[in-house]
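These are my notebook entries on a single chain. I record below what I looked up, entry by entry.

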Amino acid sequence: MIYTVTFNPALDYHLFTKRLTLGTTNRAVREMMSFGGKGINVSVVLTRLGIPNIALGFVAGFTGDELCVRLTEAGIVHNMIRLTEGLTRINVKLHAEAETEINAAGPIITTESTEALMGKLEALSGGDTVVLSGSVPSSLPKDIYATIMARLAVKGIRFVVDAEGDTLTSTLPYHPFLIKPNRRELSILSGQELTTDDAVISAARHLQREGAKNVLVSLGGDGALLLTEDGKCYRYPALGGHPINTVGAGDSMVAGFLAGLPEGYKNALRMGLAAGGATACAEGLGTREDILALYRG
């Protein structure tokens, strides 16, 4: 079974306007409400591809109630931990000449609530996959992903980590099955701008030497590159047309990769690119039909 963990899920409020001008009143021409959070996005795409999974995380207040209602309506199996104080955040996504996001901080996650999550994870068994993705709320230590992996090290669980900076690097000693930096994130980790495939490969191999088994580097419109634990390197171009939405594309790539993995790494990479491309070319997360059309095309 695949489990996704989202420490700070959200309701995403999308506002579409022809032009955004600071300091004045702007009128939206269209609006849309969706649910989000990187792990939840992975769960949505996995579910659309017919891959059983369970979304774990934290919710609070009436916005948390609404998030759970929407997850259930979308057919997403979830087992959220309810916080006694605060509100599940509402993030504002402004779509104008360019995409602008205003992300709220979210509720405080207590030690007791964190232990409740650990209890759920400690009930998992070898062969299960846990996706740890997204930023860590300020109420938790930045190495919380590493803490989870350390406590579950004897379980034989396969971990996928999609995070930035120290949150990512702190997990490497625990040998995550897959990490998924994008070019920008990998450049920051390496301390230099990575403009060529050779530079990307070199930086990704360093993360392998530090402990990651497989490194999937998303390159936006240039596709993706995968270094596998058996020493192979695969490089494929992007799938899909002109991107109109980058929100959730990386999460979709992770979901597609896991969906395609039973057929091997090359297939996983292509399915990941199809899922990421379908999302990038849609206003929301990619649909099953669009993902499979790109994959088969």
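**Entry 1: charges over rings**

Which residue lies over the face of Phe-16, and at what distance from the ring centre? I found Arg-30 there, 4.0 Å from the centre of the ring. I counted a charge as sitting over a ring if NZ of Lys or CZ of Arg is within 6 Å of the ring centre and within 35 degrees of the ring normal. The model I consulted is predicted, so local features need pLDDT of at least 70 and side-chain atom pairs count only at pLDDT 80 or more, while totals for chains, interfaces and linings use all residues. Residues are numbered from 1 along each chain as its sequence is written, and side-chain values use heavy atoms, with hydrogens and water left out.

I placed Phe-16 in strand S2; helices (H or I, at least four residues) and strands (E, at least two) are DSSP runs, numbered from the N terminus. Phe-16 is buried, at a relative accessible area of 13%. Here buried means under 20% relative accessible area, exposed over 50%, and partly exposed in between (1.4 Å probe, protein chains only). From Phe-16 to Ser-34 I noted 18 residues in sequence and 14 Å in space, C-alpha to C-alpha.

I also noted Arg-158, whose charged end sits over the ring of Phe-177 at 4.8 Å from its centre.

**Entry 2: aromatic pairs**

How many aromatic pairs does a search of the whole structure find? The search returned two. Rings of Phe, Tyr and Trp (its six-membered ring) pair if their centres lie within 6.5 Å; planes under 30 degrees apart count as stacked, over 60 as edge-to-face and the rest as tilted. I recorded both Phe-7 and Phe-58 as buried. Together with Tyr-145, Phe-7 and Phe-58 form one aromatic cluster.

**Entry 3: the second largest pocket**

On a 1 Å grid over the protein atoms alone, a cavity is a set of points where a 1.4 Å probe fits but cannot get out, and a pocket is an open set with protein on both sides within 12 Å along at least five of seven lines; lining residues have an atom within 4 Å of a point. Grid points are joined across faces, edges and corners, and a volume is the space filled by probe spheres set on the points.

The second largest pocket holds about 180 Å³. Its lining includes Met-149, Arg-158, Tyr-174, His-175, Phe-177 and Lys-213. I sorted this lining by class into eight nonpolar, two polar and two charged residues. Ala, Val, Leu, Ile, Met, Phe, Trp, Tyr, Cys and Pro count as nonpolar, Asp, Glu, Lys and Arg as charged, and the others, Gly among them, as polar.

I then examined two of the lining residues. His-175 is in the loop between helix H5 (165-169) and strand S10 (178-179). Its phi is near 55°, a positive value in a residue other than glycine. Most residues other than glycine have a negative phi. His-175 is partly exposed, at a relative accessible area of 46%. Tyr-174 has its place in the loop between H5 and S10 and counts as partly exposed, at 38% relative accessibility. Tyr-174 and Thr-147 are 27 residues apart in sequence and 9.6 Å apart in space, C-alpha to C-alpha.

**Entry 4: the cavity**

How many cavities of 30 Å³ or more does a search of the whole structure find? I found one. The largest cavity contains about 30 Å³ of space. Its lining consists of Lys-93, Leu-94, His-95, Glu-99, Thr-100, Glu-101 and Val-247. Strand S6 (89-95) and strand S7 (99-102) are the elements that give two or more residues to this lining. By class, I recorded two nonpolar, two polar and three charged residues.

**Entry 5: two helices**

Helix H8 (residues 249-260) has 12 residues and 11 of them are buried, so I described H8 as largely enclosed by the rest of the structure. Helix H9 (residues 265-280) has 16 residues. Of these 16, 14 are buried, so H9 is also largely enclosed by the rest of the structure.

Conventions. Expected span 1.5 Å × (residues − 1).
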